[in-house]
Amino acid sequence: MAGRGKLIAVMGDEDTVTGFLLGGIGELDKHRRPNFLVVEKETSLAEIEETFRCVGEGAWEGTGRAGEGSGGVSEVPGGSVRFAGGFLAREDVGMILISQALAEQIRPAVAAHARALPAVLEIPSKDHPYDPARDSVLRRARGLFAPDELR
């Protein structure tokens, strides 16, 4: 994707994702995969992790979230739409915003991500305030500097 901008992907509860979509970050790639995931009570932990990860398949709850079409997108029973690869595998995604409460649920997958792109940033949600002590990305960034450099 040289010469083109990268997308911001967002994963979180309905209010958080809707706010970012209203801000204009919603996009579909050439395979009609969206750059967002609305996590509801019915969304399984496996679906959340698969959507985030590089390998395997990801899932989008409900019909119309990912759109229809070919190119790695297929419908599965129950109205979900599956696609090959998650946000980490997509070359068009440069940053993943994930609510901290959601990141806690898939902490091993978030902590295992060590590449610079896409950058993973944990954000607060309406029901869960941001806690810097639980942010694995912030902990890694603090490890790059000596304590006296941060003053």
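Three bridges join β1 to β2, and the two strands run parallel. For the record, two strands pair if DSSP finds at least two bridges between them. Helices (H or I, at least four residues) and strands (E, at least two) are DSSP runs, numbered from the N terminus.

A note on the source before I go on: this is a predicted model, where local features need pLDDT of at least 70 and side-chain atom pairs count only at pLDDT 80 or more, while totals for chains, interfaces and linings use all residues. Residues are numbered from 1 along each chain as its sequence is written, and side-chain values use heavy atoms, with hydrogens and water left out.

Next I looked at the other neighbor of β1. Five bridges join β1 to β6, again running parallel. Met11 has Ile98 as its bridge partner in β6.

Then I moved on to β6 itself, residues 93–99. Five bridges connect β6 to β7 in a parallel run, and Leu97 has Leu121 of β7 as its bridge partner.

In what order do the four strands of the open sheet lie? I read it as β2-β1-β6-β7, with parallel pairing. The edge strands, β2 (36–38) and β7 (119–123), each pair on one side only. From one strand to the next, the twist averages 20 degrees.

Now the helices. Helix α2 (residues 45–52) lies across β1 (7–12), β2, β6 and β7, and runs at about 165 degrees to β1. Axes here are lines fitted to C-alpha atoms, for helices over the stretch in contact (heavy atoms within 4.5 Å), with angles from 0 to 180 degrees between N-to-C directions.

Helix α1 (residues 14–22) forms a right-handed β-α-β unit with β1 and β2. Right-handed means that, with the strands pointing away from the viewer, the path from the first strand over the helix to the second runs clockwise.

Last, the whole chain. I noted five helices and seven strands, in the pattern β-α-β-α-β-β-β-β-α-α-β-α along the sequence. Buried residues make up 39% of the 151 residues. Of the contacts with a separation of 6 or more, 65% come from residues 24 or more positions apart. The chain exposes about 8,300 Å², with carbon and sulfur atoms supplying 56% of it; the area comes from the Shrake-Rupley method with a 1.4 Å probe.

Notes: Buried means under 20% relative accessible area, exposed over 50%, partly exposed in between (1.4 Å probe, protein chains only).
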